[in-house]
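Take a look at the model, then follow the topics one by one.

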Amino acid sequence: MSSVDRKNGVPTTVTSIPLVDPHAAKPDPSIGDLVKDATAQVSTLVRAEVELARAEITRDVKKGLTGSVYFILALVVLFYSTFFFFFFIAELLDIWLYKWAAYLIVFGIMVLGTALLALLGYLKVRRIRGPRETIESVKETREVLAAGDHRAVSKAAGRPSGG
């Protein structure tokens, strides 16, 4: 500010002092203003709800991952425990049979169990056919869009559409 704008060290004009609250509602808002305000508020509300849902899902996923780590650790302990269980079975059979026969029987049971589980896995995997419904839906969408383009081109050329 120059010395001309000041009188006794106090500016003679004030650049901006709001005389009304800029956030206060207008006394008679128009329909457009009301719609604009409602749209802005709904948009803000939807964004806040989406953010809340995202935070809750993130929290739940973290809890789920922590729980699944404990399940995996429990399965690892169980897996290593089966080693001792099969030794127990072999030693129990050793009471009535030769030791080599007892271990051979336990080995045979383990091979049969493995074969059965592999067969069940194969039968489940063999049923996988891919996303047939999605592929069919995409084909239908492409056909509809192609038919729409054909009609648009026919109308632009002044010919009636054939489809």
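The structure holds four salt bridges, a salt bridge being a side-chain nitrogen of Lys or Arg within 4 Å of a carboxyl oxygen of Asp or Glu. This is a predicted model, where local features need pLDDT of at least 70 and side-chain atom pairs count only at pLDDT 80 or more, while totals for chains, interfaces and linings use all residues. Residues are numbered from 1 along each chain as its sequence is written, and side-chain values use heavy atoms, with hydrogens and water left out.

**The chain as a whole**

- The chain has three helices and two strands; helices (H or I, at least four residues) and strands (E, at least two) are DSSP runs, numbered from the N terminus.
- Reading from the N terminus, the order of the elements is β-β-α-α-α.
- Of the 163 residues in the chain, 3% are buried; buried means under 20% relative accessible area, exposed over 50%, and partly exposed in between (1.4 Å probe, protein chains only).
- The chain exposes about 14,900 Å², and carbon and sulfur atoms supply 69% of that area. Accessible areas come from the Shrake-Rupley method with a 1.4 Å probe, and for residues only the protein chains shown count as cover.

**Charged partners**

- Side chains of opposite charge can pair when their charged atoms come close.
- Glu51 and Arg54 join their side chains in a salt bridge of 3.0 Å, N to O. Both residues lie in helix H1, three residues apart, which is about one turn of the helix. Glu51 is partly exposed, at 44% relative accessible area.
- Arg59 and Asp60 form another salt bridge, with their closest N and O atoms 3.4 Å apart. Arg59 counts as partly exposed at 44% relative accessibility, and Asp60 is partly exposed at 42%.
- Lys99 meets Glu91 in a salt bridge of 3.1 Å, N to O. Lys99 is partly exposed at 40%, and so is Glu91 at 36%.
- A network of salt bridges links Glu91, Asp94 and Lys99.

**Aromatic rings**

- A pair of aromatic rings is described by the distance of the centres and the angle of the planes.
- There are seven aromatic pairs in the structure. Rings of Phe, Tyr and Trp (its six-membered ring) pair if their centres lie within 6.5 Å; planes under 30 degrees apart count as stacked, over 60 as edge-to-face and the rest as tilted.
- Why is the pair of Phe85 and Phe86 edge-to-face? Their ring centres are 5.7 Å apart and their planes stand at 65°, so the pair is edge-to-face.
- Phe85 and Phe88 have ring centres 6.4 Å apart and planes at 35°, so this pair is tilted. The two lie in helix H1, three residues apart, about one turn of the helix.
- Phe85 is partly exposed at 46%, Phe86 at 26% and Phe88 at 48%.
- Ring pairs also link Phe83, Phe84, Phe87 and Tyr103 into a cluster.

**A nonpolar surface patch**

- Which residues make the nonpolar surface patch of about 830 Å²? They are Phe85, Phe88, Leu92, Ile95, Trp96, Leu97, Ile105 and Ile109.
- Patches are made of residues with over 30% relative accessible area and no salt bridge: like charges are joined within 9 Å, nonpolar side chains (Val, Leu, Ile, Met, Phe, Trp, Tyr) within 5 Å.
- Helix H1 (31-93) and helix H2 (99-126) each give at least two residues to the patch, and H1 has the largest share with three residues.
- Leu97 sits in the loop between H1 and H2 and is partly exposed, at 37% relative accessibility.
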